[in-house]
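Work through the exercises below with the structure open. Each task is followed by its solution.

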Amino acid sequence: MTEYNDLIFEVSQPGRSAFSLPESDVPLIDLTTKFPQHLIREEPAELPEVSEPQLMRHYTSLSTKNFGVDNGFYPLGSCTMKYNPKINEDVARYDGFAAIHPFQPVETVQGAFELLYELQEDLQVIAGMDAITLQPAAGAQGEWTGLMMIKAYHTKNGDRAARTKILVPDSAHGTNPASAHAAGFDVVEIPSNPNGTVDLVELKKQVGKDTAGLMLTNPNTLGIFEKDIIEMAEIIHEAGGLVYYDGANLNAILGQTTPGMMGFDIVHLNLHKSFSTPHGGGGPGSGPVGVKEFLIPYLPIPRIEKQENHYVLNAAYPDSIGRVKGYYGNFGVNVRAYTYIRTMGPKGLRQVSESAVLHANYLRKRLEPYYDTPYTQYSKHEFVLSGSRQKKQGVPTLNIAKRILDFGYYAPTVYFPLIVDEALMIEPTETETKETLDAFADALIQIAIEVEETPEMVLNAPYTTSVRRLDEVKAARQLIVKHTP
Amino acid sequence: MMTEERLYSKDHEWILPLGENTVRVGITAYAVEQLGDIVYVEVPEIDAEVSVGSEMGTVESIKSASEIFSPVTGLIIAVNEELEDGPELVNDSPYEEGWFAEIQLENPIELKGLLSEANYQAYVAELAAEEEA
Amino acid sequence: MNEYRYLPDTAQDQKKMLDALEITSVDELFSDIPTEIRLTEDLPIPQAVHESALIKKMRRLAAKNATAHDYTLFLGAGTYDHYIPSVVDHVISRSEFYTAYTPYQAEASQGELQALFEFQTMVCELTGMDAANSSLYDGFTALGEAATLAVGATKRSKILISKAAHPQGRQVLQTVANGNDYQVTEIDLLNDSTNLTLLEEQLDKETAAVVIQYPNFFGSVEDLAAIKELVTAHKALLIVMANPLALALLESPGKLGADIVVGDMQPMGLAMNFGGPHCGYFAVKKKYIRKIPGRIIGQTTDSEGKRGFVLTLQAREQHIRREKATSYMSSNQALNALASAVFMSALGKEGIKKMAKLNIEKADYMAKQMENKGFLLKNEAPNFNEFVVQLNAPIKEINQLLLQKGFIGGYDLEFDYGMENAMLIAVTEQRTKEEIDQFIEALEGITK
C-alpha cells in the first residue's frame, strides 16, 4: 500500500501520460520563429507523468483519507454541514449549464439568466429584502460587498468622512471585522452580556455620528436569538447607520422570520451552508447579497433584470460599487441552490429550520450533564459547550476534538466563539437522524468519562485516522509549502 | 542613571540598558508563555525610527499574531537576524538568544517610566490573579 | 412518513426529542423570536417539485441555452473551451472530497490537504515562483489581493495596470482599491500591447506595483523582461496575471522577474460554467511568503514521524487578525483546485506542452488563413491562442449571423476599448482545421 501514500510527483516516471490529444491538423510551428528567444520557456514545468490508472489510484487513495458529510456526521458549528443532494450535482453538470460561455450573446443563454433571476427572487423573499446580487463568490466576499455598499451610501450622503466605524459584537465571525477593515472601516467591538446577547447599554454608548453601521449575526454564533434585534436596529438607524445581517447561518430562521422583518438593511447568505451546496473542501461557495430598496443603486454591476419575457444585463447604475467578481458569480453553485429550493418549497424550508433547531436543543440537552453549558436558554440551529471542566482535569478541548475523530465523526468547531473558554461549537443540522444524534452524544459522553478515568487516551488521540496527531508548529516553522525533489 | 538591570514594560517587553544610551529589547517569559510555540518573528529594519508604542515587529504563534510595540523612542541599530530561521529561540531563551532588537535612545529619560523587575513581577501576579477570577 | 427526502425525522422521533426537552411543540423553541417578526404564512416561493419532474424542468431550462457542444465556439476573452480528460470529473465527484469542509481537522482531511499541497507545487512549477496558496475565488479577485499585498509590502499607494489586462480584472481591482483606499491608474496601449514609454512616464516613487497580463487580453505576449527593467528602476513590484496554459511554453513569469503571479486555472480542467466557479491561483517570491492571503498547506510530520499536511500560517488569517486583517479571504476554491491538479497530473510535463502548442498552431493557422483572405489583423506582437480581427460591421450584428450558421463568434471589443467592428477570436485545441475553415468561410460570407 505504501506507494499510494506517495506524492504524485514521487510516482511519476518519464514517458507516462494520462491524456489523449490528437496530432496537429494544421501546420506545425517552430516557436523560435514566432517568439523572441527570451520569452520561450527554457526549462519545462516539472508536472507529474503518470498513466490514467495510476492517476485514479492516487486520487482515490487520497479520497479515502478525507472525511466528508457522506462519510459521517459533521457537527462543525457555524458551517451547516447538511447533506449535499445528488440531483444538484447532476443538474449543475448539464451541458446547458456547464458548457456555456459567460460572454455568449444574451439571447443564447436565456435559460441561465432565467434561473439566476428566479433565484434572486426566491432569495429576496427568504431574506425579506428588495433586491439580490448573486455576484459574490462566498460569504466573506458577500460581507465585503455589503460593507462597500455601506461605504458608498455614506459617501453619496456626504457623510463618509465622519462615518468611519463599524460596530461588531465580540461573538461575531472572524470574517466580520476583517471584511470591515478591508472596506476601509475601523472596527469597534461591542461586548456581550451574561446572556450571550449584545449588551444594549454598551451598544448605545458606542453609537454616534461616527457610526457607519452594525454587523450582526442572528441567531448569533452562540446559537442564541438576539431578541432585542428590533430595538438594536432602531438605535443604529436613529444614529444614521445601517444594519448588516451576516446570514451565513440562515438554517435557524428559514420560513420562521426574515432579516428584513428584523430591521436589517443588507444581508448576505451562504448558499453553501443553508442551501445545501457542497463545501468542496473549502469552496467554491456562493455569497449572494440582498438589500432594501434604498440601497439598490449601490449593488454590484451588471444586474440581471427582466424585461417582459426577456432577461438582460444592466450596468447603468452610476452609484454602483462596481464589480466584485468576474462574470455573474459562481453560477454552478447557484444552479445547485436553485435546485435545492425547488426541491424543498416553502413548507420544506420551514421544516428545515424546525428540525435543525430541535436537533440542536435535543443534543445539547443530552450533553448538558457532562460539559459546561455557559448559556442555558433555548438555542437555535447550534449551541456552544465549554470544555473548561475537562481542561481543569488536564485535557484541553483540542484533544477532545481529536478524540471524536476516532468515533467516526468529524469534530465540532473548537475555540470559537472567542468569548467562550475552551469552546466546542456544535451544529447538528436537520439532515441527521435521531439515532446519529444519540450515538454522537454517547461518544462525547464517553470522552468526558475518559477525561476523568484515562486522560492519556484523549491526549494522544486520534488513533484511527490515516495519520496521528500532526505537528502544526513544525509546519509553520519550517514552512514547506511545495514539493522539492 | 543607567543600571545593568533589566527594565520592563506593561506590554511584556524587557529592556536591557547596554550603556551609551542604547538598549536591547526582547519579550518576557510571561509573554512567551501566553503566546505558546512561536513560529515566526518579524523584526524591524535597521535604521528604522521607533517611538513609544509604535509597532516594531510581529510575533506569531500558530494561533495568534501579536504586534511588538516599542517601549522607547529611538533608532533601531541592530536586530536579531537569527530569529528569521530560528523563531524557537524566543521560546527557548527569551532573555538571551531570543532578543529582538537594539535601539539607540533618543530620550534616555523614558527609561524612568519603565517597571523594575520587582514591579513587573507584581504586575504579572496581578494579571494572573485576574485570570483566575 | 416524512415527505422531504433529506429530512429524516419521523413523528415518533420528533415526539421523543420534544419529550426529552419537556416541551410539546417545536414552536416553543422559537418563542424567543418576537411575535411581530414571525412569519405567519408560507414564504411566497414556488411549491416543492418531485425529483423526476424537477429533472425535467431543469433539463428544459438548460436546453434554452446554446452550448459549446451545439455550436462551434470561437469565443474566449478569459474563459475557454478546452479539453478536459474524463478523470477530472470522476475524481472531483468522489464525495469524500466534495462534501468536506475546509480541512480544520487535518488528521481527518489528509486527502484534501495532500492534493492541495500538490496543487501548490504545480502552480509553483508553472509560474516559476517559490510559493503558492491553495487557490482564491477567481483570477480577478486574486489580482485584487496581489495589488493589496504590493501596497502593504512597499508602503506605497498606487497600482499601475496595463489597459491590455482583462477589463473585468481591472474593474474588480478598482473596487478592491476603493475598499483599501489606494489608487489605480491605467497604462494606455501601443497597438496590441502595453505602451512601455507611457509606463516609464507613469512609474514614480508612489508606484507599489505594475500589473501586466501575460498573454494579454488581445492574446499578445508582452515582453516581461523589458517591463521588469522599468519596474525595477523604480523599486516597484511586478505583478503578472498569466494564463497557466500558456506558461507551458512561454518563459515563466518567475524567471522573468515577477514578484507576484496570479491568474485563473479555468483553462486547465475547469468547465466554463457560465463564468464560475473557476479558480484563482496566487504565487509569490519567497520574500512575500508570509503575506500570502487565503489558505496555505504546509508539510509536517505526525507524532510517529510520518509525513502529513496541515493548514499553515493560519495566524495570518482574518479569523485571528480580525480587525487588523488586510484581506477578507477566508475560503478558497478547493474542489476546483483539485480539478485542475488532476488535469495537470493527467496532461503531465509533456501533455501540457503539447496542448499549449496546439493552441498556438491553430490560432496561427487561423490568423494566417484570414490574412490570406484579406482580413485585417490587429496583433503586432506574437500571440498565444487569441487575436483581434478588424471587420466591417458591428460585431454584435455579425455574431447574430454567425449564430445562424452554427458558430458562437468572438468577443466584441467596442464596449471596453471603443474599437469598433473589432472581434477578439479564440482558437483552442478543441477546434479542428475544418471548423476553422468553415468559420472563416462563414465570416467571409457575412462581411463581403
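**Exercise 1. Confidence.** State how confident the predictor is in chain C and in the complex.

Solution. This is a predicted model. Start with the chain: chain C has a mean pLDDT of 96. Of its residues, 98% reach 70 or more. Then take the complex: the predictor gives an ipTM of 0.97 and a pTM of 0.96.

**Exercise 2. The contact between chains C and A.** Count the residues on each side, then describe the side that belongs to chain C.

Solution. Count first: 168 residues of chain C touch 167 residues of chain A. Next, find the main contributor on chain C. Helix H11 of chain C, residues 334–372, supplies the largest share, 22 residues. Last, sort this side of chain C by class: 84 residues are nonpolar, 48 polar and 36 charged.

**Exercise 3. A helix pair in chain A.** Classify the crossing of H5(A) and H11(A), then list the residues that meet.

Solution. Locate the helices: H5 of chain A spans residues 110–127, and H11 of chain A spans residues 331–367. Their axes come within 10 Å and cross at roughly 60°. Roughly parallel requires an angle under 35 degrees, and roughly perpendicular starts at 65. H5(A) is therefore oblique to H11(A). The hand of the crossing is left.

Now the residues. H5(A) contributes A:Ala112, A:Leu115, A:Leu116, A:Glu118, A:Leu119 and A:Asp122. From H11(A), they meet A:Phe331, A:Asn334, A:Val335, A:Ala337, A:Tyr338 and A:Ile341. Sort this contact by class: nine residues are nonpolar, one is polar and two are charged.

Technical notes. Residues are numbered from 1 along each chain as its sequence is written. Chains are lettered from A and ligands numbered from 1 in the order in which they are written. This is a predicted model: local features need pLDDT of at least 70, side-chain atom pairs count only at pLDDT 80 or more; totals for chains, interfaces and linings use all residues. pLDDT is the predictor's confidence in each residue, from 0 to 100. Two residues are in contact if their C-beta atoms, placed from the backbone, lie within 7 Å. Helices (H or I, at least four residues) and strands (E, at least two) are DSSP runs, numbered from the N terminus. Ala, Val, Leu, Ile, Met, Phe, Trp, Tyr, Cys and Pro count as nonpolar, Asp, Glu, Lys and Arg as charged, and the others, Gly among them, as polar. Axes are lines fitted to C-alpha atoms, for helices over the stretch in contact, and angles run from 0 to 180 degrees between N-to-C directions. Angles under 35 degrees count as roughly parallel, over 145 as roughly antiparallel, 65 to 115 as roughly perpendicular and the rest as oblique. A crossing is left-handed if the near helix is turned anticlockwise from the far one by less than a right angle, and right-handed if clockwise.
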